[in-house]
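These are my notebook entries on one chain of a model. I record what I looked up, entry by entry.

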Amino acid sequence: MKEAVKQQLEAALSATGLDLKIAAAGVVEFAAISAARLASATHEVSFPEMVQAEADRVFLFAAKRAVRSADAADAQAIGLIRGLLLGAAGA
Amino acid sequence: MRNSLEAALLSACMVLAPSLAFIACAGTSARMNVMLPAISQSWAHIRVQCMREADAAGAHDTARPIVAAADAAVATGDVVAIVAVDWPVLDALAEGDVVRRLASQAIGPITAESLRGRLAEFIEERALYTRRKP
């Protein structure tokens with residue numbers, strides 16, 4: 001399950017040009033907790049529905065990390081642009 | 001001397017600014033290419049909960065147009081359309097579905113926890129998706 005999530009995330013993140021190692025920090029741990037939760041519920045009649053819900057949770061969590069990383073990268077880039085423009089204006 | 005320095009800085013800006021502006025679109029790209037598919041996948045499953053609860057509560061006619069609005073908004077990814085959806089009604093229906101099916105033992109307590117966790121994550125993602133970038 002963890003590999004599948006990692007592959008899904010890797011494919012999605014490639015479109016953003018971001019570093020998987022940075023964006024995926026914590027996602028593998030989240031997936032591991034999810035897997036442990038699933039392992040404790042195999043006896044429940046609704047187990048297939050739970051598998052679906054946990055897969056959604058991991059995907060949502062990974063997406064959140066990716067967007068936050070991207071927003072942080074944007075903020076850095078905007079800071080650099082601002083610095084360049086201020087430098088040019090002051091020269 | 002001053003003129004040559006100005007020219008050098010301006011040419012540096014001309015070269016670097018477009019590249020940096022491109023990088024500065026990472027948030028938008030991540031929202032469209034990563035978060036929207038995640039929201040869409042979860043909505044397809046949460047939607048089932050909403051419709052099931054609407055049927056059980058006899059609120060099918062009330063819920064149907066709201067669900068349709070959510071379907072359209074999530075399909076396009078349009079921020080204005082997503083914000084305009086009456087999500088609190090849908091969130092309440094999804095939670096009602098969990099409460100009712102847990103009470104009737106159609107789902108177990110750990111599954112209920114998972115469904116609630118997914119709904120909470122979905123609500124958070126919606127907020128992040130529609131939030132303007134810094």
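How are α2(B) and α5(B) oriented to each other, roughly parallel or roughly perpendicular? I find α2(B) and α5(B) roughly perpendicular, the term for angles of 65 to 115 degrees, with under 35 counting as roughly parallel, over 145 as roughly antiparallel and the rest as oblique. They pack at an angle of about 75°, and their axes are 8 Å apart. Axes here are lines fitted to C-alpha atoms, for helices over the stretch in contact, and angles run from 0 to 180 degrees between N-to-C directions.

Conventions. I note that this is a predicted model, in which local features need pLDDT of at least 70 and side-chain atom pairs count only at pLDDT 80 or more, while totals for chains, interfaces and linings use all residues. Residues are numbered from 1 along each chain as its sequence is written, and chains are lettered from A and ligands numbered from 1 in the order in which they are written.

Chain B overall. I looked up the secondary structure and found 6 helices and 0 strands; helices (H or I, at least four residues) and strands (E, at least two) are DSSP runs numbered from the N terminus. Chain B has 134 residues, of which 29% count as buried. Buried means 20 or more other C-beta atoms within 10 Å of the residue's own, exposed means 12 or fewer, and partly exposed lies in between, with C-beta atoms placed from the backbone. Among contacts in chain B with a separation of 6 or more, 64% join residues 24 or more positions apart; a contact requires C-beta atoms, placed from the backbone, within 7 Å.

α2 against α5. On the α2(B) side I list Ile46(B), Gln49(B), Cys50(B), Arg52(B), Glu53(B), Ala54(B) and Ala56(B), which meet Leu90(B), Leu93(B), Ala94(B), Gly96(B), Asp97(B) and Arg100(B) of α5(B). By class, this contact has 7 nonpolar, 2 polar and 4 charged residues. Ala, Val, Leu, Ile, Met, Phe, Trp, Tyr, Cys and Pro count as nonpolar, Asp, Glu, Lys and Arg as charged, and the others, Gly among them, as polar. I checked Ala56(B) separately: it counts as partly exposed, with 14 C-beta neighbours inside 10 Å.

α3 against α5. The axes of α3(B) (residues 60-76) and α5(B) (residues 87-103) come within 10 Å and cross at roughly 110°, so this pair is also roughly perpendicular. Ala63(B), Ile66(B), Val67(B) and Ala70(B) of α3(B) meet Val89(B), Leu90(B) and Leu93(B) of α5(B). The contact has 7 nonpolar, no polar and no charged residues.

Faces of α5. Which residues of α5(B) are buried? I find Leu90(B), Leu93(B), Ala94(B), Asp97(B), Val98(B) and Arg101(B). They cover an arc of only 140° around the axis, which puts them on the same side of α5(B); the arc is that of the directions from the helix axis to the C-beta atoms. The buried residues pack against α2 (26-56), α3 and α6 (109-130) of chain B. Pro88(B), Ala92(B), Val99(B) and Ala103(B) are exposed on the face turned away from the buried side.

Gln105(B) is in the loop between α5 and α6 of chain B. I note its phi near 60°, a positive value in a residue other than glycine. Gln105(B) is exposed, because 11 other C-beta atoms lie within 10 Å.

Note on methods. Two residues are in contact if their C-beta atoms, placed from the backbone, lie within 7 Å.
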